[in-house]
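This report describes a single protein chain, shown below. It begins with one residue and then turns to the wider arrangement.

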Amino acid sequence: GPAQETAGFLSSPLPVTVIIMVLTIICIANVRTFANMIPSFSGCLFRWKENLYIEDSMTLSMNRNRLFYILIIPFCLIVSGYGLYEPDAIAALPRTAHFLSVTGAVILYLLLKYALSWIVRNGRMNEKTYRTAVRTFRTFFIIITSALLATSGILEIFSAGESLTRLVLLYEAALLYIICIIREFQIFKTCSSVFTAILYLCALEFLPT
């Protein structure tokens with residue numbers, strides 16, 4: 001099952017084990033920061049303006065960005081361990097190579113989004129609104145990763161099957177990502193037309209995805 005594969009993958013190579021230990025220490029050190037951000041993250045699920053409040057606060061924005069970078073590797077571990085992203089080219093790879101391939105794909109995806117955010121920047125749009133819309137993805141990346149980690153742990157406790165666990169995680173991630181797109185659309189629409197907001201989403205979300 002995925003739990004056994006992930007456990008074997010994490011315990012075999014020394015470098016990976018060291019990475020996990022370092023990540024564990026970093027995550028523990030930032031538990032309080034995450035706990036303090038929970039009200040803001042919860043607000044972003046139900047209100048698009050909550051994303052503006054995060055950008056207005058330097059402390060909240062910096063904490064959000066730090067958590068975003070910290071959770072990239074845990075996200076890749078979940079995706080690789082449960083086969084959430086597994087094209088034919090990497091499906092048969094050993095677990096370490098599979099994890100490295102998934103991590104490379106995620107990093108390339110994030111770099112592409114970052115590059116596109118600079119390329120499609122329109123000077124006529126309010127800078128703060130544009131920045132908020134672009135960085136809304138970071139907020140929802142944290143929400144998605146946290147939800148996947150929690151859900152996978154719960155399903156493992158109840159010994160859910162591999163297929164069921166993978167299906168639940170995929171649907172959960174898809175639902176939260178759809179909410180992220182809706183929030184970005186709402187933010188873009190405040191300073192532009194519906195058509196322009198759709199064009200931004202096509203360039204910043206649909207194209208890299």
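This is a predicted model: local features need pLDDT of at least 70, side-chain atom pairs count only at pLDDT 80 or more; totals for chains, interfaces and linings use all residues.

With a relative accessible area of 1%, Ala133 is buried. Leaving aside residues up to four places away in sequence, Ala133 touches Glu184, Ile187 and Phe188. The C-alpha atom of Ala133 is separated by 8.6 Å from that of Leu52, although the two residues are 81 residues apart along the chain.

## Overall architecture

The chain contains 11 helices and zero strands, and its pattern along the sequence is accordingly α-α-α-α-α-α-α-α-α-α-α. Of the 209 residues in the chain, 42% are buried. Among contacts with a separation of 6 or more, 72% are between residues 24 or more positions apart.

The accessible surface of the chain is about 11200 Å², and carbon and sulfur atoms account for 70% of this surface. Ile107, Leu108 and Leu111 make a nonpolar surface patch of about 300 Å². Leu108, a member of this patch, lies in helix H8 (residues 95-119) and counts as exposed, at 60% relative accessibility.

## Helix H11 and its cover

Helix H11 spans residues 194-206, and its buried residues are Ala197, Tyr200, Leu201, Ala203, Leu204 and Glu205. The cover over the buried residues of H11 includes H8, helix H9 (127-157) and helix H10 (162-190).

## Glu55 and the salt-bridge network

The count of salt bridges in the model comes to six. Salt bridges that share partners join Glu55, Arg64, Arg131 and Arg135 into one network. Glu55 is found in helix H4 (residues 49-56) and is buried, at 9% relative accessibility. Apart from residues up to four places away in sequence, Glu55 touches Ser61, Arg64, Arg131, Thr132 and Arg135. A polar contact of 2.5 Å connects the side chains of Glu55 and Arg64.

Glu55 also forms a salt bridge with Arg131, with 3.8 Å between the closest N and O atoms. This pair links distant parts of the chain, Glu55 being in helix H4 and Arg131 in helix H9, 76 residues apart. Arg131 is partly exposed, at 28% relative accessibility, whereas Glu55 is buried.

A further salt bridge joins the side chains of Glu50 and Arg47, with an N to O distance of 2.9 Å. Glu50 is buried, with a relative accessible area of 10%, while Arg47 counts as partly exposed at 45% relative accessibility.

## Cysteines

How many disulfides does the model contain? The count comes to zero. Cys180 is in no disulfide, and the nearest cysteine sulfur, that of Cys44, is 9.7 Å away; a disulfide would require the two sulfur atoms to be within 2.5 Å. Cys180 counts as buried, at 1% relative accessibility. Cys76 is likewise buried, with a relative accessible area of 0%.

Notes: Residues are numbered from 1 along each chain as its sequence is written. Side-chain values use heavy atoms; hydrogens and water are left out. Buried means under 20% relative accessible area, exposed over 50%, partly exposed in between (1.4 Å probe, protein chains only). Helices (H or I, at least four residues) and strands (E, at least two) are DSSP runs, numbered from the N terminus. Contact means heavy atoms within 4.5 Å. Accessible areas come from the Shrake-Rupley method with a 1.4 Å probe; for residues, only the protein chains shown count as cover. Patches are made of residues with over 30% relative accessible area and no salt bridge: like charges are joined within 9 Å, nonpolar side chains (Val, Leu, Ile, Met, Phe, Trp, Tyr) within 5 Å. A salt bridge is a side-chain nitrogen of Lys or Arg within 4 Å of a carboxyl oxygen of Asp or Glu. A polar contact is a pair of N or O atoms within 3.5 Å; within protein, one must be able to donate a hydrogen and the other to accept it, and residues adjacent in sequence count only if both atoms are side-chain atoms.
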